[in-house]
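Keep the structure open as you read.

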Amino acid sequence: PTQDRFPLKSLHSYTAETCHCSLLLLSLPQCLEPCKDSWEMKRKSNCRELCERVFPKKHWECVTSCEFLQSVLEVKQGVCPPPERASGFAAACVESCDQDRECPAQKKCCSNGCGHTCQSPKDLYKGAPLKPRKELGFEELSSGRLEVRWSSRFNISAEPVVYILQRRWNFGIQPSEDAATSWQVVAQVSSEPPTLSDIRPGRWYQFRVAAVNTHGTRGFTTPSRHIHSSRDPSNPPAPTELKMVNMSFGPGRTVSARIQWTMPADLDVPIHHYKVSWSWTAVGHSSASSLTKRRKTVREVRTDALDSMRSNRSYSVEVQAVSYWGQTQLKGPRAVLYFTTQRGMSSSIRTVPRNPTGDILDVGTPFYQDGQLQVHVYWQRSTDPSVEFYRIQWGPEYCGYNQTRPMEKTTTQESFTSLRGLLFSCKYKVLLQPLSKKSRPLAESTSFLTPSCATIQAKSPKPIVSVSTQKVLVKAANLTASFEVRGGNVTAIFSWDLSMNPPHQQLTGYQVTWAEVIPTNRHSNNKLPHSLISQSQILPPVILVVSGLHPASLYRLEVQAITAEGEGPATSRTFQTPGYQSAPKLRKHHHKQPVFERH
């Protein structure tokens with residue numbers, strides 16, 4: 001079937017053998033069963049072989065239906081017109097077809113007196129039952145089943161009439177024909193109204209019905225009104241077949257793994273996203289603290305890569321499906337996967353070495369929150385019972401801005417802490433010293449990198465304010481201007497130098513602004529339609545040509561260097577264009593006003 005219409009011949013052949021079967025065996029309710037479109041009899045030439053496999057004890061009814069189906073597939077609905085009425089190509093003396101199925105749409109393979117061509121049949125609906133009345137009724141039973149009813153028109157027919165019920169549906173809180181599925185057959189009955197058991201909450205349904213007998217059909221009724229179940233949709237189930245499909249070991253002790261899972265395709269509400277979280281303990285320790293968990297959101301796909309893991313650890317991964325029904329969030333139960341990151345060992349092997357040598361200190365991913373760059377640091381508690389406190393020291397080893405800071409420190413009894421106020425684009429070193437009154441345990445250390453301000457800004461919908469000490473030092477200097485006067489138009493050639501260009505601050509361009517300085521004695525409502533206010537991105541060489549300036553006017557030029565780390569301080573200068581000249585003349589103008597900078 002297609003989205004909007006069902007070919008009459010296809011519908012007829014779909015159920016014609018049902019009617020023949022009903023004539024033979026009106027008392028057998030399973031008579032309709034051999035006629036369903038899921039059967040392969042349309043493609044099988046040996047009906048007996050098919051029916052013996054499906055009905056090994058009593059199969060003659062099936063054979064009768066199958067052979068009748070094959071016969072009606074050869075003949076389309078309607079009657080061929082008289083040969084003498086053929087015209088045009090239909091009257092050509094050619095053998096263009098042998099069977100009805102070789103002709104498009106409703107046309108039949110008919111004789112024209114000297115050949116066979118595809119022709120439109122006459123009496124297309126002769127003997128076919130009338131369509132049911134288009135008003136369909138629906139009743140949702142307490143069991144959740146849906147009963148569909150319709151009113152049949154009076155049909156004078158000696159053959160039984162079979163009714164084909166189809167439906168389509170769409171997800172969502174509003175009905176939509178554009179987002180609906182294709183039409184699907186859900187029932188075929190001869191008398192009793194069908195009761196459907198697979199009506200799902202969270203879906204909008206439409207139905208249509210057609211009456212069919214051995215002579216054919218007049219097609220489907222118009223689609224019904226949209227209906228939906230009064231029940232609320234269920235939460236999604238837990239993911240199944242959660243497993244690790246790949247684990248790779250990188251430099252040092254870094255490990256990455258890929259996990260995948262499956263979900264049923266037929267849910268009340270489609271999955272919006274998955275929540276993936278994982279935690280760890282060193283191999284040989286008991287259980288992970290909940291504060292060592294890391295979380296991420298995975299949309300649509302049913303696979304995910306877990307990075308920033310370390311070797312010689314036991315990991316616990318949880319995956320949870322989340323759906324939305326309107327503004328209500330529907331969370332499913334979690335699926336859990338356990339594995340260890342040990343070289344030469346499968347993730348399913350749970351053997352624990354006697355002398356574990358896992359990492360003690362771990363650093364999370366830096367993040368920007370509350371106006372500052374932060375990172376979480378975790379560690380395993382010492383096995384020494386005399387250890388009561390932990391001292392953590394941290395500081396930048398080097399930064400992209402050639403900055404430095406003294407080491408900071410804090411003390412805690414917990415197995416985690418947060419480092420705040422970090423600098424961008426730096427490599428930090430972290431020292432962990434367990435404190436004991438009876439002994440001096442060994443210290444642990446690790447390093448991590450902080451992202452640049454631009455990287456954080458690209459991921460944040462709100463503007464990020466970089467730490468004030470992280471200034472971009474690149475700036476423009478020695479702003480100069482040359483003017484050329486031609487026929488009342490002034491062309492300016494602005495140029496400047498670069499004061500300094502530190503190797504760690506890569507220049508990407510300049511932000512240049514020029515504007516006419518309006519004297520205070522002019523009225524503020526004068527719009528000055530010919531005044532110029534413009535901005536542009538310029539790459540070296542550091543020259544800008546601007547034409548169409550006013551003679552004898554003041555212009556302010558502002559240049560700001562741009563680097564990968566951000567914008568540098570702006571340098572500005574005011575220039576006065578020359579008056580009218582009788583002949584073109586190029587004049588170098590060095591204004592002696594001071595250069596103003598703003599940061």
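Is Cys93 buried or exposed? Cys93 counts as exposed, because its relative accessibility is 56%. The cut-offs are simple: buried means under 20% relative accessible area, exposed means over 50%, and partly exposed lies in between, with a 1.4 Å probe and protein chains only.

This is a predicted model, in which local features need pLDDT of at least 70 and side-chain atom pairs count only at pLDDT 80 or more, while totals for chains, interfaces and linings use all residues. Residues are numbered from 1 along each chain as its sequence is written, and side-chain values use heavy atoms, with hydrogens and water left out.

Now the disulfides. A disulfide is a covalent bond between the sulfur atoms of two cysteines. Here the term is applied to a pair of cysteine sulfur atoms within 2.5 Å. Searching the whole structure turns up five disulfides.

One of them joins Cys93 to Cys114, with an S to S distance of 1.9 Å. This pair links distant parts of the chain, 21 residues apart. Cys93 sits in the loop between helix H3 (60-74) and strand E1 (108-111), and Cys114 in the loop between E1 and E2. Helices (H or I, at least four residues) and strands (E, at least two) are DSSP runs, numbered from the N terminus. The torsion about the S-S bond of Cys93 and Cys114 is about -90°, so this disulfide is left-handed. Cys114 has 37% relative accessibility and therefore counts as partly exposed.

Another disulfide joins Cys103 to Cys118, with S to S at 2.1 Å. Again the pair links distant parts of the chain, here 15 residues apart. Cys103 is in the loop between H3 and E1, whereas Cys118 is in strand E2. The torsion about the S-S bond of Cys103 and Cys118 is about -85°, so this link is left-handed too. Cys103 counts as buried because its relative accessibility is 5%. Cys118, at 22%, counts as partly exposed.

Move on to Cys399, which a disulfide joins to Cys426 (S to S 1.9 Å). What is the handedness of the link of Cys399 and Cys426? The link is right-handed, with 110° about the S-S bond. The pair joins distant parts of the chain, 27 residues apart: Cys399 in strand E21 (residues 387-399) and Cys426 in strand E24. Both Cys399 and Cys426 are buried.

One further cysteine deserves a look. Cys453 has a relative accessible area of 9%, so it is buried.

Next, the backbone. Ser425 is not a glycine, yet it has a positive phi of about 55°. Ser425 lies in the loop between strand E23 (416-422) and strand E24 (426-436). Asp123 also has a positive phi, about 50°, and is not a glycine either. Asp123 is found in the loop between strand E2 (116-119) and strand E3 (137-140). Its relative accessible area is 40%, so Asp123 is partly exposed.

Last, the surface. Which residues make a nonpolar surface patch of about 250 Å²? They are Ile493, Ile543 and Val545. Patches are made of residues with over 30% relative accessible area and no salt bridge; like charges are joined within 9 Å, and nonpolar side chains (Val, Leu, Ile, Met, Phe, Trp, Tyr) within 5 Å. A salt bridge is a side-chain nitrogen of Lys or Arg within 4 Å of a carboxyl oxygen of Asp or Glu. Ile493 lies in strand E27 (residues 489-498). Ile493 has 34% relative accessibility, so it counts as partly exposed.

Note on methods:
Accessible areas come from the Shrake-Rupley method with a 1.4 Å probe; for residues, only the protein chains shown count as cover.
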